[in-house]
Amino acid sequence: MSAEQDGSVDDPTAFDSEDSSPVITLLNNRYPNSTPVVRYAFPRDDGSPKQEPRLRSIHAPVPDEATWVSAIYFATDLQINRLNEYADNPYENLSPDNIAKTIQDECEDADRVLYPIHAESDAHEDNSDHVPLPTMVSWLREYAREVLNIPPGDCSFYYSGNRSIHIHSPLFVTGENLGWLKERTEQFCSETGADLDASVYKQKQQFRIPGADHHRNPPLQKAEIDPDWDHTEIISAAATDVARPNTYAEILTRIFDLDGTATFSDLLLSSTASDSDSQTSPLTTWESRVNRYDTDQRRAHTAPEFYPYPTGDNHDGRSVASVRVENKPFQRRTAGGNRTFVPCYFYGAHSCNGREYTKDEHYAPLQLSKADATKWTYEPGETLVIIGGGNYQSLIHVVDEELAEHIGDLLDPDEGRRADALEALQDHGYDVGSAGTSRSTNAETGAQGHESPQEETSPDQKSEALRCKERAEQGDIEASLSHGERRKVANRLLTLYGWDSAWNWFQEQYGEDFNPKRTWKGFKSIINTHSYDDDLAEITVPPSP
């Protein structure tokens, strides 16, 4: 009988020493006297998955033809015995179910399942929407920051081999919170315009294994990618021979790159539905402080919110809002515990996502990112101008009421322009440079004190590299520039100002997503490629970080 027909679980005592990593140790400690098992699926002739009627230890070899794998089920010794008992006939006395599904159901009922959090977008450019791969990567970066609350650099990015980009995150979600994660993902897509597949957050969902062939001709494999790659580089990676993992434990060890100080709670998604439902702070009980007859105040809490962070489909600038704060921040029980709103009166607001996203002399909530909610210190009655940013950090200026009204007029929903509002704000001495605390806004020196170029001011004088640099400083560098454009900017900065200034500029633009090793390799490649250039040839490449 073949392994694919055998319903037994592999010997749970078989343990590869290389599988003994911090994440495996934490799982063993959390679920003692149990065996972590998974269920694999194999492709039918039409490419669709067919799950085998067995569960295998995460330490057992991945079957050669397996393409998909399930969540992790922690089976008791009795359940392992039953799996082996039904090995010869997985469907005996269980039709139409089999012993594997039966044990899966029991583990789900007992809350002994961990679902690795993967996210994916299927909206590739061969679909009707014509979404390029780098755009999907940018969506998943934002998703990691806003929904999973982790730096995108902590995730592994994959191209599926067909039309999908996946991320594997170093987080699990429990069955209790799968529904919340699905709703939060749908909400994220609605707010940002991203197209992610929220249907994957359900019980018994299967995920494609790294290295698995995709059912297409010629076949491409699920390949790990650098999120900085362009379309050609991504496809090339999937067309080469990709090593498959030996065991599922090996996959976990790679994704959960932990040190010995990590705890089990570090493995779980922190923003959960149960957390938000159990809060009793004023953030979740705004009804108690609003008179039910005060229509304006109710609108300030219940009307559709204004979301200032996305940089638009073409990344054409930043949202601007002029508001008067009406009350303290609050949260909605139905919206998840990581969404914070501020009841406001909007003199005017104009999103960069289009003229349909406006507010004009209207009471409504302002939605805050996690970063802005943490630093929010503004009191009811204060008038503010908020300049949103693709890095989810805003520039927030306290202004007098007269200027707030004037800025609101310039943000007229029909004829107003964000550029006019920003120019007026700048004329009054306010900084309207790159949003977010991680960006430099000083024209002479960067935030970290390095020299910044005295750039040409005439549009005709500006080089393509300079225009790319300025575009990056107005939003999210990943979303604003392609890999080739970032390379042009790096080349320019290295040539004019040397290694340290170029390094500091990129570090400022990326913020928490800055990858020192990737930047070092990119700079070194530019210097080696253009070694004939005297300015670059004189640069000493420091040791790799």
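**Close-ups of charged side chains**

**View 1. Asp 97 is partly exposed, with a relative accessibility of 27%.** Keep in mind for this and every other view that you're looking at a predicted model. Lys 101 also comes out at 27% relative accessibility, so Lys 101 gets the partly exposed label too. The side chains of Asp 97 and Lys 101 meet in a salt bridge, with 3.8 Å from N to O.

**View 2. Asp 228 pairs up with Arg 518 in a salt bridge.** Here the closest N and O atoms sit 3.5 Å apart. Which parts does the pair tie together? Asp 228 belongs to the loop between β11 (223-225) and α6 (231-239), while Arg 518 is in helix α16 (residues 516-529), so the bridge links parts that are 290 residues apart in sequence. Is Asp 228 buried or exposed? Asp 228 counts as buried, since its relative accessibility is 9% and the cut-off for buried is under 20%.

**View 3. Lys 328 and Glu 379 form a salt bridge between two loops.** The closest N and O atoms are 2.9 Å apart. Lys 328 comes from the loop between β12 (320-325) and β13 (340-350), and Glu 379 from the loop between α10 (370-374) and β16 (383-387), so this pair ties together parts that are 51 residues apart in sequence. Lys 328 has a relative accessible area of 39%, which means partly exposed. Glu 379 is partly exposed as well, at 39%.

**View 4. Back at Asp 97 and Lys 101, salt bridges that share partners build a network.** Which residues does it join? Asp 97, Lys 101, Asp 105, Glu 108 and Lys 204 are all linked into one network.

**View 5. Acidic side chains form a negative surface patch.** The patch is made of Asp 360, Glu 361, Asp 400, Glu 401, Glu 402, Glu 405, Asp 409, Asp 414 and Glu 415. Where does Glu 415 lie? You'll find Glu 415 in the loop between α11 (401-410) and α12 (418-427). Glu 415 counts as exposed because its relative accessible area is 72%, and exposed means over 50%.

How values were computed
Residues numbered from 1 in each chain as written. Predicted model: local features only at pLDDT ≥ 70, side-chain atom pairs only at ≥ 80, totals over all residues. Heavy atoms only, no water. Salt bridge = Lys/Arg side-chain N within 4 Å of Asp/Glu carboxyl O. Buried < 20%, exposed > 50% of the residue type's maximum accessible area, 1.4 Å probe, protein only. Helix = DSSP H or I, 4+ residues; strand = E, 2+ residues; numbered from the N terminus. Patch = residues over 30% accessible without salt bridge, like charges linked within 9 Å, V, L, I, M, F, W, Y side chains within 5 Å. Areas by Shrake-Rupley, 256 points an atom, 1.4 Å probe, with all protein chains shown as cover. Lys, Arg positive; Asp, Glu negative; His and termini not counted. Charge placed at Lys NZ, Arg CZ, Asp CG, Glu CD.
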